[in-house]
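Please open the structure in your viewer and keep the selection panel at hand. We will go from stop to stop, picking residues and looking at what surrounds them.

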Amino acid sequence: MIGAAIFRHKRRVIPGFGITMGTTLLWLSLIVLIPLAALFLKTTDLSFDQFLRIVSSPRVLHALQLSFGLSLAAAAINLVFGAVVVWALVRYEFPGRRVFDAVIDIPFALPTAVAGIALTNLYAENGWFGRLLAPLGIQVAFTPLGIFVALVFVGLPFVVRTVQPVLEDLEAELEEAAATLGASRWTTIRRVIFPALLPALLTGFALAFARAVGEYGSVIFIAGNLPNVSEIAPLLIVIRLEEFRYADATAIAAVMLLASFVILLVVNLLQRWSERRTREY
Amino acid sequence: MTDQPLALPGYPSRVRAFRTPSMVLRNVKPASDARADPAPMRWAIIAITIVFLILFIVAPLVNVFAQAFSKGLEAYIAAIRNPDALAAIQLTLIVAAISVALNLVFGVIGAWAITKYEFPGKSLLITAIDLPFSVSPVISGLVFVLLFGGQGLFGPWLQAHDIKIIFALPGIVLATIFVTFPFVARELIPLMREQGTQDEEASLSLGASGLRTFFKVTLPNIKWALLYGVLLCNARAMGEFGAVSVVSGHVRGETNTMPLHIEILYNEYQFMAAFAVASLLALLALVTLVAKIVLEGRAAKGSIL
């Protein structure tokens with residue numbers, strides 16, 4: 001009798017569904033959903049013309065282009081070097097491998113303001129790296145190149161930590177089969193391993209890109225922050241807020257938030273593809 | 001939509017670390033010659049990895065400590081004992097204590113609701129919990145200014161009742177809770193999903209109450225993952241800069257957290273003092289990373305026993 005009741009209501013065997021789900025939804029709404037909705041609500045105060053005028057003003061347009069462009073470039077560099085780093089960490093044994101593995105999480109754990117002043121100091125003219133680069137005529141600090149360096153720093157763990165578990169779980173049989181069938185090592189990597197890693201690589205790329213687009217703390221110290229030269233979109237939001245131009249700040253934020261949602265959707269689709277892919281292998 | 005949470009640093013590898021012995025043993029693989037790469041390729045990849053990681057990741061961290069102690073230990077201690085620095089440290093501790101405690105409680109409840117029951121829209125709920133990760137820190141602060149600021153939705157009402165949220169402690173706490181919202185839940189969800197509900201069902205069928213089952217059965221199963229989630233949440237709460245910067249108002253000695261104090265010192269060209277305060281946060285980051293390694297080791301060992 002009791003057994004039958006449990007069987008019939010399998011999903012409600014464990015008590016507390018109502019209270020835990022209610023609490024979760026309430027807390028989520030209060031802290032995350034309502035505040036985010038307020039941003040879009042505030043955007044509707046603007047007419048479409050006003051919105052367009054703000055977003056297409058040269059300074060805003062430049063800031064958005066700079067943020068998205070440099071984030072793409074940084075994510076691309078992270079994709080390449082992240083793949084190399086993952087390969088070394090997963091496939092090879094070398095002195096300090098465990099330390100270098102742990103080091104990957106530093107950009108994730110180190111507060112952005114700390115990373116920001118440390119990078120700026122490194123690449124400033126009298127810094128460890130700036131001193132070496134200055135004679136070559138390369139200036140990193142206070143230029144868009146500095147922003148790029150900071151974005152590479154914050155994005156790396158996203159690529160490495162997404163790809164690493166997939167490479168670790170890759171069955172040895174696949175490569176053995178390829179080798180048995182006469183494929184060279186290069187062919188095996190290109191035709192067998194790379195396709196298996198592709199969804200994870202793209203997911204890592206998208207996550208690094210998303211993080212870089214919104215990044216603020218580690219960038220503003222090294223950027224120089226010249227309008228129309230090295231001013232990123234998040235900084236422009238802060239500047240507009242400090243000028244009490246809330247409408248402008250909100251419009252720029254809405255564009256960026258929309259972009260993050262699109263990236264989030266892409267990442268979700270990539271993961272679904274990846275899961276299907278994993279089942280096939 | 002997938003019902004897996006998004007992959008983020010450390011997350012998938014930790015699922016691995018916290019799994020039980022049967023899960024670990026299943027994946028033991030024999031070494032294989034087919035996986036050997038040519039020596040030049042091996043050396044090139046190892047060399048690129050080491051050089052890249054040292055230049056881009058290790059150097060900034062080392063530089064923090066090098067600059068902090070560039071004028072000697074006495075100057076370092078003086079910089080940290082500065083009243084404004086101490087006030088910033090105190091505020092940071094208060095903010096982190098409140099926001100971590102709230103996120104701990106609600107993170108566990110959320111993870112429980114998501115992993116112990118079947119219901120439609122589960123993947124949507126997980127995505128919603130992850131949302132703060134995809135939002136720029138600046139926007140995370142801005143949304144609260146739009147709600148509670150002088151020109152905000154509730155601004156006039158708050159002013160009429162003389163309640164200060166923005167440019168005061170409640171605003172800083174709210175922004176911090178927002179940015180650290182997913183940490184505890186996303187640490188627990190993958191693990192609790194793998195563990196399933198059999199243990200809880202056994203406990204309940206033996207007559208234990210729901211709460212007793214949670215504290216005696218579920219909590220011991222998830223304690224290491226929970227501890228790590230709390231540590232991550234705490235590191236981010238103490239280090240958050242962008243969101244807090246927007247809502248704080250930067251009142252020295254009053255609404256300045258440690259990261260904001262670092263910014264002010266740096267902009268005043270007090271570089272050594274800025275790096276001294278920064279070194280405390282860098283130390284916190286290092287402690288968090290070491291704790292991660294220790295906890296993963298402990299979880300793996302505990303599961304074998």
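**Stop 1**

Select Ile237(A): leaving aside residues up to four places away in sequence, it touches Ala249(A), Ile252(A), Ala253(A) and Met256(A), along with Val138(B), Ile139(B) and Leu142(B). Contact here means heavy atoms within 4.5 Å. Before moving on, note that this is a predicted model, in which local features need pLDDT of at least 70 and side-chain atom pairs count only at pLDDT 80 or more, while totals for chains, interfaces and linings use all residues. Residues are numbered from 1 along each chain as its sequence is written, chains are lettered from A and ligands numbered from 1 in the order in which they are written, and side-chain values use heavy atoms, with hydrogens and water left out.

Helices (H or I, at least four residues) and strands (E, at least two) are DSSP runs, numbered from the N terminus.

**Stop 2: between the chains**

Color the two chains separately. How many residues of chain B are in contact with chain A? There are 101, and they meet 100 residues of chain A. The two chains bury about 9,500 Å² between them, with 77% of it on carbon and sulfur atoms; this is the accessible area (1.4 Å probe) that two parts lose on being put together, summed over both.

Next, show Arg185(A) and Asp37(B), which form a salt bridge with the closest N and O atoms 2.4 Å apart. The term stands for a side-chain nitrogen of Lys or Arg within 4 Å of a carboxyl oxygen of Asp or Glu. Chain B and chain A have 2 salt bridges between them.

**Stop 3: pairs within a chain**

Over all chains, the whole structure has 17 salt bridges. Go to Lys116(B) and Glu200(B), a salt bridge with its closest N and O atoms 3.2 Å apart. Lys116(B) lies in helix H5 of chain B and Glu200(B) in helix H11 (residues 198–205), so the pair ties together parts 84 residues apart in sequence. Are these two residues buried or exposed? Both Lys116(B) and Glu200(B) are buried, where buried means under 20% relative accessible area, exposed over 50%, and partly exposed in between (1.4 Å probe, protein chains only).

For another pair, select Glu93(A) and Arg97(A), whose side chains meet in a salt bridge (3.4 Å, N to O). Glu93(A) is exposed at 65% relative accessibility, and Arg97(A) is partly exposed at 21%.

**Stop 4: chain B as a whole**

Switch to a cartoon of chain B, with its 15 helices and 0 strands. Of its 305 residues, 57% are buried. Among its contacts between residues at least 6 apart in sequence, 75% join residues at least 24 apart.
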